[in-house]
Amino acid sequence: MAYKHGIYVSEVPSSVRAAVKSDAGIQAIIGTAPVNLLKDPYHAANIPMLFYTMAEAQNAIGYSTDFKAYTICGSLSASFEIANVSPVIVINVLDPNKAEHTDDVPENVVQVNDGTARLDTIGLLLDKLVVKADDVTLESGTDYTAAFNDDGTVTLVVLPDGKGAGKTQLTVSGKRIAPEKVKGKDVIGGVSVDGKETGMEVLRQVFPKLGVVPGSLVAPWFSKDPTCAAIMQAKTSMLNGIWRLFCWVDLDSSSTGAQKYTDVLTQKTAQALTSPNCAAVWGCPKVGEVLYSPSSFAAAYIARQDAENDGIPTPPMSNIAVSATAICTEDGEEIYLDLDQANYVNSVGIVTFLNFNGFRLWGNNTVAYPSNTDPKDRYISARRFMSYDDNNFILTNFGNVDMRANPRLREAVIEQQNTIGASYVSSQICARYEMAYLESENTEQTLADGKLYFHKYVATYLPAEAIEEVVEFDVSAIAEAMAS
């Protein structure tokens, strides 16, 4: 066992302090972004960033409506535009410094009309652009200017005093970012020999750098990859050695995945989804003609649900109305689930979307179900509340590590937590929440080793998954009526 020096035991001052709360709904989104749109596209990869608005995100990592190529943008849209929730944490892994994340743009001739030309290649790196008039290379800022259009294309303006003035054709070449070359291994990331962290390893930096504890981990589209999903599940336990997270994973519905509801169990097994800290979502929500990854849509709406409940993850986390106009496979084929079919999907531990007078997020079970039926591990709401409360306990009490372990401290910890627990019980979030100091857990040996243990009894209210009306036809009432 590793030597413990930190918030493995807990100590608080003699007076009760206000609790510091984590936000279980804050999403940590890992994927690709159109960083070529930035003034400096070379320093926006593998850095944790916190955004409260869409404008902040667009300025820092760029934005595109091609959500399959630029996977982070789909989550930004789902959060800021559809679910209307913030903040989000973003880690872009598309790195223009890597040759494997770029592609050459071969020379091609473009037409110049009234001194302007349109470059239709998406993802251009403007500093790598080579523009020629005949065989003369033009200089940016002297002979021409180039700027991005809203659709990611580029408008090139030939300056009247430059070497290309009056030309009707130009030859252009260069480099572009290649999001299609970014793979699951880039999202998984790693640590280089010089200590540089990439991909999911950057999650370690979130709390030290941003001062925020992420609640939900999302990797839109990439989470279909079994290895990526496995690492996501692993990252939900003990981030920074202490924090607990929850992850939302896409259950593959492409041509190689589950295109029918009867295939979801096979696909769940293929993606190795087993953790109680994970929910997998099947069926891609559509808003108009825009297709979203299942996990990005679900995580955004769960974050909003938390926000509407003072940041506390508690039921409902299913039967939540969502602003979708259709549910499709990844290939765009519409899925029409009835209640029985949606319930089958739930029965194998998968969340989906059900159209019941409007589309709803449908399913309470983590992927640990049905193998694990422990309520704290089976139900998304219970698992997320447990992790949320554990993280709050750490945040509230960390300042007391290395303080004097005396009776005053013991009683302060108990009073602090039981005050919090009383609020949960009175608001009917929990049926029981009680902190105790048990002598059986605090022996002479543990006290001599500088460790205190506090025992928490907790029971959150679980979702009412089935409500049944029992109807009895009372024939005797007819007889009584006829006899009167």
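Student: Which residues is Leu251 in contact with, leaving aside its neighbours within four places in sequence?

Tutor: In this predicted model, Leu251 is in contact with Val264, Gln267, Lys268, Gln271, Leu273, Ala280, Val281, Trp282 and Ile350. A contact needs heavy atoms within 4.5 Å. Leu251 itself sits in the loop between β14 (246–250) and α6 (264–270).

Student: Why is Leu251 called buried?

Tutor: The cut-off for buried is under 20% relative accessible area. Leu251 has 1% relative accessibility, so Leu251 counts as buried.

Student: How far is Leu251 from Thr460, in sequence and in space?

Tutor: The two are 209 residues apart in sequence, and their C-alpha atoms are 28 Å apart in space.

Student: What share of the protein chain is buried?

Tutor: Buried residues make up 51% of the 484 residues. The chain has 13 helices and 23 strands, and its C-alpha trace spans about 95 × 80 × 35 Å along the principal axes.

Student: What share of the contacts between residues at least 6 apart in sequence join residues at least 24 apart?

Tutor: The share is 70% in this chain.

Student: Which residues of helix α4 are buried, and what makes them lie on the same side of α4?

Tutor: In α4 (residues 203–210), the buried ones are Leu203, Gln205 and Val206. They cover an arc of only 135 degrees around the axis, and therefore lie on the same side of α4. The arc is taken from the directions that run from the helix axis to the C-beta atoms.

Student: What do the buried residues of α4 pack against?

Tutor: They pack against β1 (27–31), β3 (88–92), β12 (197–198), β13 (216–218) and α5 (226–235). Just after α4, Gly211 takes a positive phi of about 70 degrees.

Student: How do you know that β18 and β21 pair?

Tutor: Pairing needs at least two bridges between the strands. Strand β18 (residues 320–321) and strand β21 (residues 359–362) are joined by 2 bridges and run antiparallel, so the pair meets the cut-off of at least two.

Student: How many bridges does β21 make with β20?

Tutor: There are 4 bridges between β21 and strand β20 (residues 352–355), again in the antiparallel sense. Arg360 in β21 has Leu354 opposite. The hairpin of β20 and β21 has 3 residues between the strands, and there Asn357 takes a positive phi near 55 degrees.

Student: What makes β18 and β20 edge strands?

Tutor: The order of this open sheet of 3 strands is β18-β21-β20, with antiparallel pairing. β18 and β20 each pair on one side only, and they are the edge strands.

Student: What is the volume of the second largest pocket, and why is it called a pocket and not a cavity?

Tutor: Its volume is about 520 Å³. A pocket is an open set of points, whereas in a cavity the 1.4 Å probe fits but cannot get out; the second largest pocket is therefore an open set. Of its 20 lining residues, Ser318, Asn319, Trp362, Ala464 and Glu465 are the closest to its centre. Both α8 (339–347) and β21 supply at least two residues of the lining, and the largest share, 4 residues, comes from α8. By class, the lining has 10 nonpolar, 8 polar and 2 charged residues.

Student: How many cavities of 30 Å³ or more are there?

Tutor: The count is 2. The largest cavity has a volume of about 70 Å³. Among its 11 lining residues, those nearest its centre are Ala24, Gly215, Arg244, Arg384 and Tyr388. Helix α10 (residues 380–397) gives the most to this lining, with 4 residues.

Student: What is known of the second largest cavity, and how many charged residues does its lining have?

Tutor: The second largest cavity has a volume of about 40 Å³. Its lining has no charged residues, with 5 nonpolar and 5 polar. The lining includes Phe67, Pro220, Trp221, Leu291 and Tyr292, which count as nonpolar because Phe, Pro, Trp, Leu and Tyr belong to that class. Helix α2 (residues 71–83) gives the most to the lining, with 3 residues.

Terms used:
Residues are numbered from 1 along each chain as its sequence is written. This is a predicted model: local features need pLDDT of at least 70, side-chain atom pairs count only at pLDDT 80 or more; totals for chains, interfaces and linings use all residues. Side-chain values use heavy atoms; hydrogens and water are left out. Buried means under 20% relative accessible area, exposed over 50%, partly exposed in between (1.4 Å probe, protein chains only). On a 1 Å grid over the protein atoms alone, a cavity is a set of points where a 1.4 Å probe fits but cannot get out, and a pocket is an open set with protein on both sides within 12 Å along at least five of seven lines; lining residues have an atom within 4 Å of a point. Grid points are joined across faces, edges and corners, and a volume is the space filled by probe spheres set on the points.
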